[in-house]
Amino acid sequence: MRKIIAVGAATLATVLVLSGCNPQGGASGGTASSGDDAAAAAPDAVQIIVPADPGGGWDQTGRAISDVLTADDIVGTATVSNVGGAGGTVGLASLANERDPYTLMVTGLVMVGAVETNGAEVRMEDTTPIARLTDEPLVIVVPDASPYQTLEDLVDDIEADGQGVTITGGSAGGADHILAGLLLENAGMDSAEITEKLNYIPNAGGGEAVSLLLGNNASAGISGVGEFAEYVNSGDLRALAVSSDAPATLLPDTPTMVEEGYDVVYTNWRGLLAPGSITDAEAQALVDVVTTMQESAAWQATLEERGWTDAFLTGADFDSFLEENIADVTTTLQNIGLVQ
């Protein structure tokens, strides 16, 4: 069995080159002003776009960022707006039209997949990458009354009953959807069988998936550990496995997928993008703001509370990571039949 790792060094030879990425994260499509080389003043206010409905991991991340930025007086105001739809690609299009250079949009692995599955006109390559912030394992859960006691029980029923087994999670082509496909691929299905048998119900936000599960309207669910942990700990949901290579902090008693016999390790990163039209100086000002936040005690406490792993990257390192992740995810989506 082969191990699939979503975050870290690239495992594929093919790399999609992000047009115009530079150490400051500026995109080539941007229109640099004559003051591009001058240092930009630190912003007193930032806008934060959450490209999803309230209740999910992106929303939690955006509001946590806003809280820390303002509580620590890093900026005066940090307003949050939700622009949900199509795995974040509606928000991505909104960012492309944003005129305020000090706008940050929450992004991550979900958006990488959604751009490909939706054939989005605006791509992540058209933005200015600012920082990768966190890394989080996913968890596969079932309603408390579910007959599935193990991950193998769930997989066996999908193989036997196909579309009769429903799995809910985030947007189509996102991290949750990909993990479901990787699980079935590792169980021995090819891309045609996965397409035929995987009945995946996408949602615009984590709250919708929880509602389906609590109402026994889905057989199983996949999301970030931080989104489902409280319902697992309350006994409303049962966790079958986490997608990390070691037990998750918030669900220490839940086995990994590897321990359950499926050689899949797949984690979900989150970060921040800015409009593609901003100058290098404006991009650096945003990097400085986010770096100050990341170094704060308040942000480190937030990471521990949420069960998020600190995965901070900026500049050329984040640019390279994003290039590799787009290439990796695109190939994975093709392998499991989610894109041609």
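Helix H5 passes helix H11 in a left-handed crossing, where left-handed means that the near helix is turned anticlockwise from the far one by less than a right angle, and right-handed means clockwise. That's one of the helix pairs to look for here, in a protein chain with 11 helices and 10 strands. Helices (H or I, at least four residues) and strands (E, at least two) are DSSP runs, numbered from the N terminus.

Keep in mind that this is a predicted model, where local features need pLDDT of at least 70, side-chain atom pairs count only at pLDDT 80 or more, and totals for chains, interfaces and linings use all residues. Residues are numbered from 1 along each chain as its sequence is written, and side-chain values use heavy atoms, with hydrogens and water left out.

**Helix pairs**

- Two packed helices are described by the angle between their axes and the distance between the axes. Axes are lines fitted to C-alpha atoms, for helices over the stretch in contact, and angles run from 0 to 180 degrees between N-to-C directions.
- H5 (residues 175-186) and H11 (residues 315-335) pack at about 55°, with their axes 10 Å apart. H5 and H11 are therefore oblique to each other (under 35 degrees counts as roughly parallel, over 145 as roughly antiparallel, 65 to 115 as roughly perpendicular, and the rest as oblique).
- In H5, Ile178, Leu182 and Glu185 meet Val329, Thr332, Leu333 and Asn335 of H11, a contact meaning heavy atoms within 4.5 Å. By class, this contact has 4 nonpolar, 2 polar and 1 charged residues; Ala, Val, Leu, Ile, Met, Phe, Trp, Tyr, Cys and Pro count as nonpolar, Asp, Glu, Lys and Arg as charged, and the others, Gly among them, as polar.
- The axes of H1 (residues 57-71) and H10 (residues 297-306) come within 10 Å and cross at roughly 150°, so H1 and H10 are roughly antiparallel. Their crossing is right-handed.
- On the H1 side you'll find Gln60, Ala64, Ile65 and Val68, which meet Ala298, Trp299, Thr302 and Arg306 in H10. Sorted by class, that gives 5 nonpolar, 2 polar and 1 charged residues.
- H7 (residues 206-214) and H8 (residues 225-234) have axes that come within 10 Å and cross at roughly 30°. That makes H7 roughly parallel to H8, and the crossing is right-handed.

**What's inside**

- Of the chain's 340 residues, 55% count as buried (under 20% relative accessible area; exposed is over 50%, and partly exposed is in between, with a 1.4 Å probe and protein chains only).
- The largest nonpolar core has 83 residues, and Leu69, Ile130 and Tyr266 have the most contacts inside it. A second, separate core has 15 residues, including Leu213 and Phe228. A nonpolar core is a set of buried Ala, Val, Leu, Ile, Met, Phe, Trp, Tyr and Cys residues joined through side-chain atoms within 4.5 Å.

- Leu104 sits in strand S3 (residues 103-108) and is buried, with a relative accessible area of 1%. Not counting residues up to four places away in sequence, Leu104 touches several residues, including Ile48, Ile130 and Leu286.
- Asp144 lies in the loop between strand S4 (128-143) and helix H4 (151-161) and is partly exposed, at 43% relative accessible area. Leaving out residues up to four places away in sequence, Asp144 touches Gly235, Asp236, Leu237 and Arg238.
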